[in-house]
Amino acid sequence: MLKGTVVTIQRHIVEQERMFPKATGDFTGLLWDLTLAAKMISREVNKAGIVDIIGLTGESNVHGEAVKKLDIFANDLICKSMEHGGHLSVMASEENEDIIPIPNEFPKGKYVLLFDPLDGSSNIDANVSVGTIFSIFRKKTAGSESLKEDCLRKGVEQVAAGYIVYGSSTMMVYTTGNGVHGFTLDPSIGEFLLSHENIRIPAKGRIYSINEGNANTWDEGTKRYIAHLKESDSATGRPYSLRYIGSLVADFHRNLLYGGIFLYPADYKDPKKPKAKLRLLYEANPLAFIVEQAGGMASTGKERILDIQATELHQKMPLIIGSKEDVMAYERFFGQKQ
Ligand code: AHM
Ligand code: MG
């Protein structure tokens, strides 16, 4: 792309679809609908401090966590924006216990949308960046019915994935399997403009992101790996820097641009029943697709995230994601944990 050329996300999506001669435009329509939802969520997130939308609703989501009003707003908005376009056969959200069928009055399409409407929402009150994460599959089962099997997939089958980070500016980053591209929202014209073409994550970073308060619950491999990062690196003469926002999209986005590793290992308090926190379908899979497309890696410590066959909608997985050499080093430590 020529320096100085203004490319809107709409034009970029159309150009990406043109690479597939048999494309019907359906997929383009789906992504367009998503960018519209993203702009509307961005508007609400940005005015959260000045309207009475902030605060707990008093309800809990399917994981028993307190739900903020903005989560519900974002969840409802995505459902309402996406259900009538004729592109989708079914949706599933981190905020809904079961699949979200397309209402009968609307035409059904050939895609499946999985999303986390507002990740990191416990941070909203403190004005910390939050994000939306999405993952798109082609419908797998025959017939027009909405089925859970269409959502329970391997990440490697994704046809697109992306996230929107509502930060000092709003950015949308997505991949359709042809590199990773980032767009910044220009609020004055209401358009996402190409600002980061073909993002590549550095092969090795200098940042690690983990909730170190959980250190007592880590397995031995993770403990030794983190201790190793605190020793001076032979190449730089410095230890790694810890950066942890506690908002996955924001932590991931920074590490994608600067290089580094994000870790949410399992909790081994009960060694027979290790407990993970992050969700395979709404968080790990889409970010894993993006990081691999950018030249990085995503693993549970022993398995590639994208190869895992989902068995439950709200399945949780350890997530170790970022620069390739860093994730490979973690796998070596994790493999020798005994
Ligand atoms: P959420 O989907 O309920 O917002 O939870 C996921 C968030 C991630 O954004 C973040 O990486 C993680 O939880 C932080 O967890 P912790 O506070 O345990 O470090
Ligand atoms: Mg989440």
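Biologist: How many salt bridges does a search of the whole structure find?

Modeller: The search turns up 15 salt bridges. Keep in mind that this is a predicted model.

Biologist: Let's take Asp26 and Lys110, then. What makes their meeting a salt bridge?

Modeller: Their side chains come to 3.5 Å, N to O. Asp26 sits in helix H2 (residues 26–46), while Lys110 is in the loop between strand E4 (100–101) and E5. They are 84 residues apart, and the pair links distant parts of the chain.

Biologist: Are the two partners buried or exposed?

Modeller: Arg279 has a relative accessible area of 3%, and Glu94 has 5%. Buried means under 20%, so that is the word for each.

Biologist: Which residues are linked with Glu94 in a network of salt bridges?

Modeller: Arg279 and Glu283 are linked with Glu94 in that network.

Biologist: How about Lys230 and Glu212, what tells you they form a salt bridge?

Modeller: Their side chains meet at 2.6 Å, N to O, and the limit is within 4 Å, so they make the list. Lys230 lies in the loop between helix H4 (220–229) and strand E12 (241–242), and Glu212 in the loop between strand E11 (207–209) and H4. Lys230 is partly exposed at 46%, and Glu212 is partly exposed at 23%.

Biologist: On to ligand 1. Which residues are closest to it?

Modeller: The shell has 17 residues, and the closest are Asp119, Gly120, Tyr244, Leu248 and Tyr264.

Biologist: What makes the pairing of Tyr244 and ligand 1 a polar contact?

Modeller: A polar atom in the Tyr244 side chain is 2.5 Å from an oxygen atom of ligand 1. The cut-off for N or O pairs is within 3.5 Å, so it counts. Asp119 also has a side-chain N or O atom 2.5 Å from a ligand 1 oxygen. For Lys277, the distance from a polar side-chain atom to a ligand 1 oxygen is 3.0 Å.

Biologist: How much of ligand 1 does the protein cover?

Modeller: On its own, ligand 1 has 470 Å² of accessible area, and the protein covers 83% of that. Strand E5 (111–119), strand E13 (261–264) and strand E14 (278–279) each give two or more residues to the shell.

Biologist: What kinds of residues make up that shell, and which domains do they come from?

Modeller: Five are nonpolar, five polar and seven charged. At least three come from each of domain 1 (9–196) and domain 2 (207–335).

Biologist: Why does the phi of Asn127 get a mention?

Modeller: Most residues other than glycine have a negative phi. Asn127 is not a glycine, yet its phi is positive, near 65 degrees. It lies in the loop between E5 and strand E6 (130–138). At 75% relative accessible area, Asn127 is over the 50% limit, so it is called exposed.

Biologist: Which way does the phi of Asn198 go, positive or negative?

Modeller: Positive, about 50 degrees, and Asn198 is not a glycine either. Asn198 is in the loop between strand E10 (191–196) and E11, and it is partly exposed at 41%.

Biologist: Last one: how do you know that helix H6 is largely enclosed by the rest of the structure?

Modeller: Twelve of the 14 residues in H6 (residues 280–293) are buried, so the helix is described that way. Among the buried ones are Leu280, Tyr282, Glu283, Phe289 and Val291. Just after H6 comes Gly295, with a positive phi of about 95 degrees.

Conventions. Residues numbered from 1 in each chain as written. Chains lettered and ligands numbered in written order. Predicted model: local features only at pLDDT ≥ 70, side-chain atom pairs only at ≥ 80, totals over all residues. Heavy atoms only, no water. Near = heavy atom within 4 Å. Polar contact = N/O pair within 3.5 Å; in protein donor to acceptor, adjacent residues only side chain to side chain. Areas by Shrake-Rupley, 256 points an atom, 1.4 Å probe, with all protein chains shown as cover. Helix = DSSP H or I, 4+ residues; strand = E, 2+ residues; numbered from the N terminus. Nonpolar A, V, L, I, M, F, W, Y, C, P; charged D, E, K, R; others polar. Domains from an automatic or database assignment. Buried < 20%, exposed > 50% of the residue type's maximum accessible area, 1.4 Å probe, protein only.
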